[in-house]
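Dear colleague,

Please find the structure below.

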Amino acid sequence: MRYLPKSDDERREMLAELGLESLDDLYAHLPEEVLLREPLKLGPGKSEYEITDYFRRLSGRNVAGRPCFLGAGAYCHYRPVLVDVLVGRGEFLTAYTPYQAEISQGTLMTIFEFQTMLCQLTGMEVANASVYDGSTAVPEAVQMARRITRRDRVVVANTVHPEYRQVLETYARHQGLETAVTGYVRDTGMADLEEIERETDERTAAVLIQSPNFFGVVEDVRQAAEIAHAKGALLIVVFTEPVAYGVLEPPRQADIVAGELQSFAIAPSYGGPYAGVIATRQKYIRQLPGRLVGRTKDIEGRGAYCLTLTTREQHIRREKATSNICTNQALVALMATIFMTVYGKRGLRELAEQNLAKAHYLAGKVPQKFFGPFFNEFVAHSAVRKPAEVNARLMERGIVGGLPLGRFYPELEDCLLLCATEMARREDMDAVAEAILGR
Amino acid sequence: MAATYPENYRYTKEHEWVVVEGDTATIGITDYAQKELGDVVYVDLPQPGDSVVAGKTMGSVESVKAVSDVYSPVTGEVIEVNQKLADAPEKVNEDPHGEAWMVKVRLSNPAEVESLLTAAEYQSYIEGSES
Amino acid sequence: MIKKARQHVSQNESLIFERSSPGKRAYQLPPLDVPAVDPKDALGAGNVREEIGGFPEVSEVEVVRHFTRLSTYNYAIDHGMYPLGSCTMKYNPRVNEAVAALEGLRWIHPYQPDESVQGALEVIAALENALCEITGMDAVTLQPAAGAHGELTGMLLVRAALEAEGRPRRVVLVPDSAHGTNPASVAMAGYQVRNIASNEKGMVDLAALEAAVDEDTAALMVTNPNTLGVFEENIVAVARILHAKGALLYMDGANMNALAGISRPGEFGVDVMHLNLHKTFSTPHGGGGPGSGPVAVKKRLEPFLPLPRLVNEEAGWRWDYGRPQSIGRVRAFYGNFGVLVRALAYILAHGGEGLRRATLDAILNAVYVRKKLEPYYELPHKAPTMHECVFSDARQAGRGVRTMDIAKRLIDYGFHPYTVSFPLIVKGAIMIEPTETESKQELDLFIDAMISIAREAEENPELVKGAPHMTRIRRVDEVTAARKPVVRWTREEEK
């Protein structure tokens with residue numbers, strides 16, 4: 001086995017030191033009844049060439065790297081070359097969680113930068129070092145709101161990503177959380193704020209909306225905040241497309257912002273690994289789940305960074321911990337940090353404006369279901385051909401189409417969620433429009 | 001150096017102290033408790049108006065590597081919380097029996113206090129647990 | 001004497017915000033091939049933001065140097081041994097990175113139609129099968145994003161199964177040697193935690209267990225080998241006690257690196273368990289993630305696995321959402337696919353016999369380290385060691401040298417510290433897991449370093465207590481960091 005760095009002579013030498021004759025003596029103390037009865041049926045170990053060949057063949061069976069108009073929580077943005085070059089460095093790739101600050105300043109500083117950039121981007125005051133993904137950030141944010149308000153009810157707009165809502169349901173079921181799901185306004189595609197207002201009461205811990213929402217439509221965060229705050233509830237704003245915040249006013253009125261950073265140079269990778277984040281106001285910092293890096297000094301007065309507020313975590317609080325989250329997504333969050341650094345202040349704005357222009361070009365050529373303002377995603381009404389048929393025709397031309405919405409919203413059976421990023425070319429968008437219009 | 005435990009205070013085996021004036025009890029954690037915890041970095045306390053129950057958790061004290069529940073020695077309603085501890089948790093280490101009081105409670109059953117340890121009893125209790 | 005390391009120059013580097021100046025750039029976008037849109041027209045003036053205050057503006061070469069310099073401040077498995085007990089820090093084979101980066105595996109969208117991602121689904125199916133074979137379990141979900149997420153998923157499965165059988169129960173037993181995530185996950189699944197004490201050998205005490213298990217017990221959550229690196233010799237009896245009362249046995253697979261290829265949890269009574277692909281199956285830790293925490297179950301629990309489930313039909317692989325008894329979704333999409341690819345590549349490289357050889361070498365290394373260090377460090381539990389061993393600082397504590405000091409001194413010797421102060425049942429724990437991917441030379445250097453530090457603790461305790469001495473920064477002030485948390489850069493702070 002080529003990953004085992006010992007010769008048989010060395011093994012014999014070590015065994016001799018232990019007074020043992022064979023490697024099997026190492027587990028001779030295990031009861032007979034627990035021992036493997038026959039060798040594992042996994043075949044012989046494969047060479048590097050066989051492994052790459054195997055995966056190359058599987059890779060070839062996927063439709064990949066084509067023009068793609070899918071969004072819905074995972075976006076096809078260009079990944080700057082520097083991202084893989086830098087995260088591929090063994091010092092980042094093969095390091096453990098930075099508990100030992102003296103030999104982990106690299107990871108700690110990049111996380112501190114990540115936390116800072118996420119605050120700048122979202123308008124919040126503190127951000128954690130990342131969590132698993134956007135979907136699992138949602139129940140964590142809701143739990144946080146419950147701890148802060150000591151209330152057990154959450155009002156969720158159904159314009160929040162359907163899979164995120166399903167994850168929340170799974171978590172809520174056993175945690176005594178009551179959820180009320182509210183609808184959207186038929187013509188704008190925005191969350192129905194009147195319904196949210198009716199549902200929000202003195203028992204409500206939080207109102208949960210997404211902006212831009214699952215339909216790509218920008219929500220009225222200000223008004224949602226007023227509704228929540230009027231009843232002493234918090235406003236949680238979810239995002240799945242952070243590129244939007246290059247141009248879109250961030251949800252400054254929110255109390256907690258929870259989102260997914262996949263758009264920031266994290267490959268779609270069939271759904272993971274991605275990186276989520278939770279940001280909030282300074283006053284709630286001790287209720288924030290997940291790791292946090294803080295700035296401090298060493299004993300000689302030099303500036304240094306370390307993990308901080310660790311008493312919130314489960315290795316100290318055990319069953320009373322704020323969450324059971326142990327890992328963050330450090331390496332994936334680093335991709336996002338490098339992405340934000342490469343584009344920077346002007347680049348992210350330019351990138352966002354290109355997304356805006358592309359999506360509005362495409363939207364201008366097809367019937368739109370909603371007229372609420374949108375960023376790079378929108379709902380197209382496909383009256384002539386069924387969404388699945390549109391996609392089949394596009395696939396024939398080597399184009400991955402949009403998301404048929406009937407799967408999540410039965411009333412939108414004849415609609416497609418389309419996303420156009422900076423990578424969408426005009427001729428491909430024209431092809432999408434033709435397929436929808438039945439030409 | 002052994003700390004002095006005020007004679008007019010009462011103590012719990014969970015290392016809280018309480019001193020009563022009229023129907024108001026002032027509560028904090030003992031010098032022994034702060035030493036066991038080390039540098040205190042955060043104190044989480046109830047809010048005025050909350051009710052607390054003798055023997056039940058009313059808050060927690062955190063050091064860098066540990067967190068310890070604070071149990072209320074008495075039953076009643078919280079009428080005041082020491083706001084200073086929010087910005088200066090180090091007071092718990094510096095003056096646990098004085099400036100770092102945590103909450104004042106209006107007692108609903110003043111007789112409860114009688115069942116708590118006296119200074120001498122507490123002292124011998126902690127000497128027992130130190131061995 | 002310090003043999004493995006010496007000091008060298010490393011570059012100073014500030015935060016990226018301090019390198020920033022207006023007009024510098026590291027990007028160039030292609031020209032727009034559609035008409036530009038005025039954001040105010042498209043979004044409404046009130047929805048358009050001002051510039052992102054504080055966001056960096058730097059050049060390309062500065063980006064490369066910035067992150068390269070920061071990287072050099074890290075220790076990493078690529079530098080050397082990482083004896084973190086319970087973390088299984090083993091070599092990360094680079095072919096795994098190469099295959100995970102193939103465009104056909106990395107550039108696929110989770111909502112592509114199933115027929116356009118058959119290769120990806122094949123990867124998932126192959127890994128599910130391999131993990132079933134390795135664990136002796138009947139079905140696997142690859143969705144949980146990390147070990148703790150797997151624990152929660154596993155506990156939700158326990159709850160769903162018991163509820164379906166009409167026996168709602170309240171309590172989950174957790175040994176006092178368990179990882180802190182165990183009780184946290186149990187609580188999140190709506191169960192009460194009851195701790196049970198270990199016996200003098202550090203194992204589950206059968207009498208205590210028998211006394212604790214009743215009709216209200218949902219499960220026991222056991223780590224095997226446990227956090228002392230000791231195989232629970234009575235595991236079969238443990239399972240029998242639980243099953244007799246209708247309770248389930250949950251195994252935390254954090255220490256599966258001691259078992260792969262020699263013993264299968266499914267054959268010693270485990271009903272549900274999670275694995276950590278970033279431990280046993282060598283996917284890179286990446287400075288704290290991403291991980292992956294698959295959950296393996298017996299047939300009885302299969303109907304409850306999270307949505308969706310992969311099924312094979314004539315037309316190929318397909319996701320099945322029609323599982324009425326499922327606990328629901330535990331995350332969006334299907335799991336950390338990129339991590340799954342790496343784990344499968346790891347298993348393929350080993351094959352069945354390779355995994356067994358790796359396990360044997362992992363045990364050999366731990367037993368060897370234990371034998372060599374026993375004369376110098378207190379070994380509180382003497383049961384046979386599997387993949388890791390736990391000493392304590394009892395002998396050094398008399399000189400005021402604690403486990404954290406020894407750990408920090410190891411840094412000067414060119415090693416990452418072992419796991420400090422865990423498990424909780426050992427006061428001043430020194431928890432060492434070498435893994436199989438350390439050579440005899442590296443192990444001997446580590447042993448030398450530990451012996452040398454034991455001597456220093458006797459002769460010059462202050463040297464150890466002040467360690468590390470050779471790093472860019474010395475020990476940090478964690479107290480001030482926690483009292484007055486500064487968790488973001490601001491322009492004011494710069495001044």
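How many residue pairs are in polar contact between domain 1 of chain A and domain 2 of chain A? The count is 8, with both residues at pLDDT 80 or more; a polar contact is a pair of N or O atoms within 3.5 Å, where within protein one must be able to donate a hydrogen and the other to accept it, and residues adjacent in sequence count only if both atoms are side-chain atoms.

This is a predicted model, in which local features need pLDDT of at least 70 and side-chain atom pairs count only at pLDDT 80 or more, while totals for chains, interfaces and linings use all residues. Residues are numbered from 1 along each chain as its sequence is written, chains are lettered from A and ligands numbered from 1 in the order in which they are written, and side-chain values use heavy atoms, leaving out hydrogens and water.

Domain 1 of chain A spans 81-338 and domain 2 spans 344-437, bounds that come from an automatic or database domain assignment. Together they bury about 2000 Å² (accessible area, 1.4 Å probe, lost on being put together and summed over both parts). In domain 1, F214(A), F215(A) and V247(A) lose the most area to domain 2. E163(A) forms a salt bridge with R407(A), at 3.9 Å (a side-chain nitrogen of Lys or Arg within 4 Å of a carboxyl oxygen of Asp or Glu).

Chain B and chain A bury about 780 Å² between them. On the side of chain B, Y42(B), E62(B) and V67(B) lose the most area. There are 2 salt bridges between these chains, including D50(B) with R150(A) at 3.2 Å.

Conventions. Buried area is the accessible area (1.4 Å probe) that two parts lose on being put together, summed over both.
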